[in-house]
Amino acid sequence: MTSSFPDPHNRPDALGEGTTPPVCSAKGCREPAIWALRWNNPRLHSAGRRKTWVACDAHRAQLAEFLDLRGFLRATEPLAGQPGQ
Ligand SMILES: [Zn+2]
């Protein structure tokens, strides 16, 4: 099967492209993401840096908990810029 679209899961960061809807960052999930989890690993990133995971509604809590347990989670925000819905 061929596709003219790149697989979003192969991208280092689903955000920042603006051409295709972001897909949930959870492994194997193909749902469109509606949440943005902003996180920072103080050992790797400077204090003001924010990494972003995106999540569908079903995986938001799971991904947030993963980050929160490690003390990385900074904010969970609705993903802006979704057309319609
Ligand atoms: Zn998902």
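These legends walk through several close-up views of one predicted model.

**Before you start: how to read the views.** Residue numbers start from 1 along each chain as its sequence is written. Because the model is predicted, local features need pLDDT of at least 70 and side-chain atom pairs count only at pLDDT 80 or more, while totals for chains, interfaces and linings use all residues.

**View 1. The whole chain and its confidence.** The protein chain holds 1 helix and 3 strands, and from the N terminus on its elements run β-β-α-β. Helices (H or I, at least four residues) and strands (E, at least two) are DSSP runs, numbered from the N terminus. The mean pLDDT (the predictor's confidence in each residue, from 0 to 100) is 82 for this chain, and 72% of its residues reach 70 or more. Please take care with residues 5-12, where the pLDDT is below 50; beyond near neighbours in sequence, this stretch has 6 contacts in the model. Two residues are in contact if their C-beta atoms, placed from the backbone, lie within 7 Å. Where pLDDT is low, the predicted coordinates should not be read in detail. Of the contacts in the chain with a separation of 6 or more, 53% come from residues 24 or more positions apart.

**View 2. The three-stranded sheet.** Here 3 strands form an open sheet in the order β2-β1-β3, with antiparallel pairing. The edge strands are β2 and β3, each of which pairs on one side only. On average, neighbouring strands of this sheet are turned by 25° against each other, direction ignored; for such angles, axes are lines fitted to C-alpha atoms, for helices over the stretch in contact, and angles run from 0 to 180 degrees between N-to-C directions. Two strands pair if DSSP finds at least two bridges between them. Strands of a sheet pair through backbone hydrogen bonds, either parallel or antiparallel.

**View 3. Strand β1 and its two partners.** Strand β1 (residues 35-39) is joined to β3 by 5 bridges, and the two run antiparallel. Across this pairing, L37 stands opposite T76 in β3, and the bridge partner of W35 is P78, also in β3. On the β2 side, β1 and β2 pair in the antiparallel sense over 5 bridges, and W39 stands opposite K51 in β2. A residue is buried if 20 or more other C-beta atoms lie within 10 Å of its own, exposed if 12 or fewer, and partly exposed in between, with C-beta atoms placed from the backbone.

**View 4. The nonpolar core around A55.** The largest nonpolar core has 11 residues: C24, A33, W35, A36, L37, W39, W53, V54, A55, C56 and L63. The elements that give two or more residues to this core are β1 and β2 (51-55), and β1 gives the most, with 4 residues. A nonpolar core is a set of buried Ala, Val, Leu, Ile, Met, Phe, Trp, Tyr and Cys residues joined through C-beta atoms within 7 Å. Not counting residues up to four places away in sequence, A55 touches C24, S25, A26, A33, W35, L37, R60 and L63. Across the chain, buried residues make up 19% of the 85 residues.

**View 5. A26, ahead of the sheet.** A26 lies in the segment before β1 and counts as partly exposed, with 19 C-beta neighbours inside 10 Å. Leaving out residues up to four places away in sequence, A26 touches A55, H59, Q62 and L63. The C-alpha atoms of A26 and A58 are separated by 9.6 Å, although these residues are 32 residues apart along the chain.

**View 6. R38 and R50.** R38 has its place in strand β1, whereas R50 is found in the loop between β1 and β2. R38 is partly exposed, with 15 other C-beta atoms within 10 Å; R50 counts as exposed, with 12 C-beta neighbours inside 10 Å. Setting aside residues up to four places away in sequence, R38 touches R50, T52, R74, A75 and E77, and R50 touches R38, N40 and R74. From C-alpha to C-alpha, R38 and R49 are 9.4 Å apart in space and 11 residues apart in sequence.
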